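Please look over the sequence and the model below before reading on.

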Amino acid sequence: MSGPRRPPTHAAHWIHGGWQPTTTQARLDVVNPADGEVLASVADGTPQDAHRAVDSAREAFGPWSTRPLKERIDLVSRFIDGLERRADEIAMTIMNEVGTPLTTARRAQVGLAIAMARSFLPIAEGFAFERRVGNSLVVREPAGVVVTITPWNVPLLLTLQKIIPALLAGCTVVHKPSEITPLHALALAEVAGEAGLPPGVLNVVVGRGTTVGAVLVGHPDVDLVSLTGSTRAGRQVAELASATIKRLHLELGGKNAAIALPDADLAAAVRAVVDQVCFNTGQACLQWSRLLVPAERHDEAVALAVEQIGRYHIGDPADPSTDLGPLVSEAAFQRVNDFIETGIAEGATLACGGPGRPEGLTRGWYVRPTVFARVDESMTVAQEEIFGPVLAVMGYRDEDDAVRIANSTRYGLHGAVFSADPDRALAVAARLRTGQVDINGGSFNILAPFGGFKQSGLGRECGEEGLDGFCEIKSVQLPTADTGPIGPRLRGTD
């Protein structure tokens, strides 16, 4: 008889082009959120591991940054090709460690991630790394050694939209994935080696934010930190980075509002919003978690949302019929349930869902998709990012009131406007303090810059702006025909 399956152990980090043993025996368990079983054990990185990775990236920076652009593009293209060849394997890995239904993992978690990565190749080919302004040559040079820190919810996509433009710009990278979902990142490191990326150009270190993350952010040889995470994590990173005045990209939280104007197709708007709320079991910063409707149509909107959400199948992520898998962890499960209970306690009307697991699911971190009605803007469920399938339906008096409510949170990441009149929708979109607004269900564009206002972050990712974010700007003043030596006083002064 064979004993119980022993989870595989990954006791090394990808540093300087190879697997380097960690400096400790400590391990982190990676747990399948669908059943609570341990998938694997990985190295719990140490400050020493972080220092080794930064040293490797610093050593590699000079040769990589001066390598001809075409060679960088070719190597990065080979890296992306390698990811594509292993797309099904990586999708399975993400299904197991995140809990995303397999069909969604293949299409969005991996398929969209690879498309995002490829979109940077022609951008880099046509990018204006140099331009002439009068007698100055304005040069965009690589920012240096970059640390990328990504969360667990859409891990490969959020990783590639950082490391691909960084590498193309000529930067070298130390990547720290979430310790909750590191397995896809270990596969990514293997692909980097197979593609022939030079040693030290891309390093992957697994560990906790309080140890590995803190050392990487505060390291004096790191020039830029790019974080996607919570607003709380953004504050901590900004504080740590301030000692060395590092450049920061911060993609943080959102409490996004979708406004259905009085002339909108309400049923279509509600369907779109529910789809957003339920994507990845609500674990997405782009989620429209507030639906704003004319007060007189509030109850109609609630009924439509309850009907739509009732069509979603909750269950095993490996089942092709599953729409909603589990939340990523026990902590996430407790957090979402706490928010639902707070909503009830503060007086929001529970239209469907509620705390606890769905009926019939006794294992795994499954939650009940929840719709709250008659939500006031002062309530916690109208102000805080819940990161679960929880929708707050809110009535407004008129257009000005709708815009005011939409802008009433500390966040400003994403929004939506639905209207039969595109010009009216655009006018309302212009009044929303968010980095991105969708009109009547406009689809996500991987070539458009993405980022937030207010406490949703700093900087932009994706598209040309995403590449530019990993460059420093240098002005070189060139002599002109009448230029002569300039002494202690500027030319033209007495």
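Two strands count as paired if DSSP finds at least two bridges between them, where strands (E, at least two residues) and helices (H or I, at least four) are DSSP runs numbered from the N terminus. This is a predicted model, in which local features need pLDDT of at least 70 and side-chain atom pairs count only at pLDDT 80 or more, while totals for chains, interfaces and linings use all residues. Residues are numbered from 1 along each chain as its sequence is written, and side-chain values use heavy atoms, with hydrogens and water left out.

**Strand β14 and its partners**

- Strand β13 (residues 256-260) runs parallel to β14 and is joined to it by 4 bridges, with I259 standing opposite L292 of β14.
- Between β13 and β14 the chain passes through helix α9 (residues 266-278), giving a right-handed β-α-β crossover; right-handed means that, with the strands pointing away from the viewer, the path from the first strand over the helix to the second runs clockwise.
- Strand β17 (residues 390-396) also pairs with β14 in the parallel sense, over 5 bridges, and G395 in β17 is the bridge partner of V293.

**The whole chain**

- The secondary structure of the protein chain comes to 15 helices and 23 strands.
- Of the 494 residues in the protein chain, 55% are buried.
- Along its principal axes, the C-alpha trace spans about 80 × 75 × 40 Å.

Definitions and conventions:
Buried means under 20% relative accessible area, exposed over 50%, partly exposed in between (1.4 Å probe, protein chains only).
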